[in-house]
Amino acid sequence: MLLLPRLISAAPLPAVAAEYQLPGAELQAIVDAPAAPTYLGGPLRRVVAQFGRAAMPDLKVVDEQTISLAGVTISTKFHAGARTQFSNSLSLLSIADGKPVAVRGLPPAPRIADARFSPDEQWLALSLWEDDGVKLWLVDVKAARARRLLSLPLNSVLSTGFAWLAGSDTLLVSLVPARPSRAEPTPRKNVPVMTEFLANAAPQPRTGADHLKSLQDADVLDWYLARQLARVDVGGRVTKLGAPDRFLAVAASPDGRYLLASRLLRPYSDAVAVDRFPRVTEVLDREGARVIGLHENGAWERGGTDRDVVEAGPRQFGWRADAPATLYWASALDDGDPARAADYRDAVYMRAAPFRQPPVLLARLKGRLARIMWGSDDLAVAAERWGRQRSTRTWRLRPGQADAAPTLMFEVADGDRYGDPGKPLQRTLANGEQVLATTGDDQALVFSADGAGPEGDQPLISRYNLADGRFTTLWRSRAPYYEKVLALLDRDGRRFVTQRESSNEPPNLYVREGDGAARQLTHHASPAPWMSAVESRQLAYVRADGVPLSAKLYLPPGYRAEADGRLPVLVWVYPQEFRSKSAAAQVQGSPYRYAAVDPRGPLPMLRLGYAVLDGPAMPIIGDAGAAPNDSYVGQLAASAEAAVAEIVRIGVADPRRIAVGGHSYGAFTVANLLAHTKLFAAGVGLSGAYNRTLTPFGFQLEARALWQAPQVYQAMSPFNYADQINAPLLLVHGLDDSNPATPYLQSERMFSALKGLGRTTRLVGLPREDHLYRARESILHVLWEEQRWLDRFVKHGGEEK
């Protein structure tokens, strides 16, 4: 089947065939440059797996048959969660000497999906997408040789399909059950489609585009979710566990004796995604037989716009990582309803095998449990959130002392990057479990943080003293580099692996010995060598209401102010919401980050002679009790005016040749800026939402529904002000956009409004593309559209060249 972009233009433009187009060679090279490698560190910190990645996949990969049901996009050919990005090469890198060794035995151009080291670092398990399914492979790390471990296909629809089982000899796998034939979506019957909602039922959460619509949908989903659990040892011997079932999640206890499993129950809901379906949570034994039932949930169709709402009863089941087989879970003390008065909102319980004793209360929390990290009977770290307070509290727990009260470690307000100490690092036990990394004397934890401050992000590691709660910085990234810690090599935070980059050096791995010199492990060159001739500047300026702002300005290769003068500029936008001016004023990012050129972003336009103002701060602030979006339009316009004034003041921008672009919420921002300011000569909106009444139960961080704040929804919808948009607007959208807020309809309706008003506009619909574009052909075509649009209406001031 030939797939062609859908091209619609309201203004007279030169005739263009309705087929994929190619931009200039310099932009094609950006799309076809290999992606940066990814890394997976071994648990013993002796070896690193280095995965090479190909450039953007071809449309034929994106077009592989998929279906989307209840929030799950499934590759029907591979019985897996749909994906288009894979690793295509593998080498093993010794931390001791930095020597990479290519892994032998893999098929040509492998499609490597997931990887897991065994706890003893002897093996590396891989899943490869092959012609007849997803297969499990095993790499002998010492020999650097791979072999297929299983010929039976994995079911990786809801998980990777494999995990090491309490050590380094056996894996727990999810297999595609043996069945006579593959299920296919059956043709729709000519019968009425009926759904019902009772007025006294709880409010439903935000809607999605792929909810179940019939019993046939439910049957098809059953087919693809069914999995046969099994054990497979490193020799390839398979032991099946119980019968196939529709497992939502399965996790082995640290000692490997039990399985914590949640199974889906029929009937399913037609209003929510699969993770909110009816389900039963239970413990199985090593052979797959039921040991004890824990909880049965009905469909959770409540939600609305309140992010503090949770399911009533037990939730978030898991295993204590530091114990052989001890369950934990959270349970709402207010029935999951934040509107109910309650001194405590959540309780955390534990229950140890063989599960004959009643649960033990570990802690009561004033907010909702966000996460918990385990260390020992004397140490666990739990984070709680309560949306109304806009902060996160982190507590120390003592699991071995049931009557010990939690100790507050610290509290961080939302948006306060300067005050965030980061998160504690972990280490791997012999059974593969991750636990808190205490120092050698067990008196402290080691934390890793972004290190945000007035000079930008300077990542750091610090020691948190468990006795007095004080942080002591052990190491911090320094100019002219941006360097972040990836893994500790000792328990005291003196030896560690980092990833270092600078404004003109791409990321590479280094080993650091305390304050000593860094030893380089990898030597990756830039995939875009022309970027070395690009000058970047960190700009600081002030909005009219006194809020300090910042932005990153990139100048095209070889730019000389005296000879080249003022430039056409592309401003790429994405606003953020804040609850205070102080949080909004905090500097984000670092001037020393390497500018990786994403072909889906704005930086390719540097090759065409444009300057790029990337991510100028556009804070939407709620002060003095007001919600941020109550003054969205005014604040947005003021931020844009300040940014444009600054790039004009410093002599870079030609004020008549400035364009604005963005993706998703950024595209929504583009339309608003064109409607409410006269700053921009043209706009580019990728996969945006332009009518907020089509997302009536909230959007972004806006928690109020349309009927609670109708004036906000109306004022923020650029669709309502399409008659004020006079600058040419290019709209691009994936025809299969699954993001509930941004269906293709949003761009269609905006285009129709502009067309009806006689405005210059163009709509491009990309076949088989989701919210973020994936296919090489699609991305090349979008660059062609952007180049053509910006050259005509910005660079050349509306004259065809």
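This is a predicted model: local features need pLDDT of at least 70, side-chain atom pairs count only at pLDDT 80 or more; totals for chains, interfaces and linings use all residues.
Residues are numbered from 1 along each chain as its sequence is written, and side-chain values use heavy atoms, with hydrogens and water left out. Local features need pLDDT of at least 70 and side-chain atom pairs count only at pLDDT 80 or more, whereas totals for chains, interfaces and linings use all residues.

Strand 9 (residues 112-117) is largely enclosed by the rest of the structure, because five of its six residues are buried; buried denotes under 20% relative accessible area, exposed over 50% and partly exposed in between, with a 1.4 Å probe and protein chains only. Strands are DSSP runs (E, at least two residues) numbered from the N terminus, and two of them pair if DSSP finds at least two bridges between them. Strand 9 runs antiparallel to strand 10 (residues 123-130), to which five bridges join it, and Arg 116 stands opposite Ala 125 in strand 10. Five residues lie between the two strands of this hairpin, in which Glu 121 takes a positive phi near 65°.

The structure holds 20 aromatic pairs, where rings of Phe, Tyr and Trp (its six-membered ring) pair if their centres lie within 6.5 Å, with planes under 30 degrees apart counted as stacked, over 60 as edge-to-face and the rest as tilted. Phe 410 and Phe 447 form an edge-to-face pair, at 5.9 Å centre to centre and 70° between the planes. This pair links distant parts of the chain, with Phe 410 in strand 28 (residues 407-413) and Phe 447 in strand 32 (residues 444-449), 37 residues apart. Phe 410 is buried at a relative accessible area of 13%, and Phe 447 is buried at 0%.

Notes: Helices (H or I, at least four residues) and strands (E, at least two) are DSSP runs, numbered from the N terminus.
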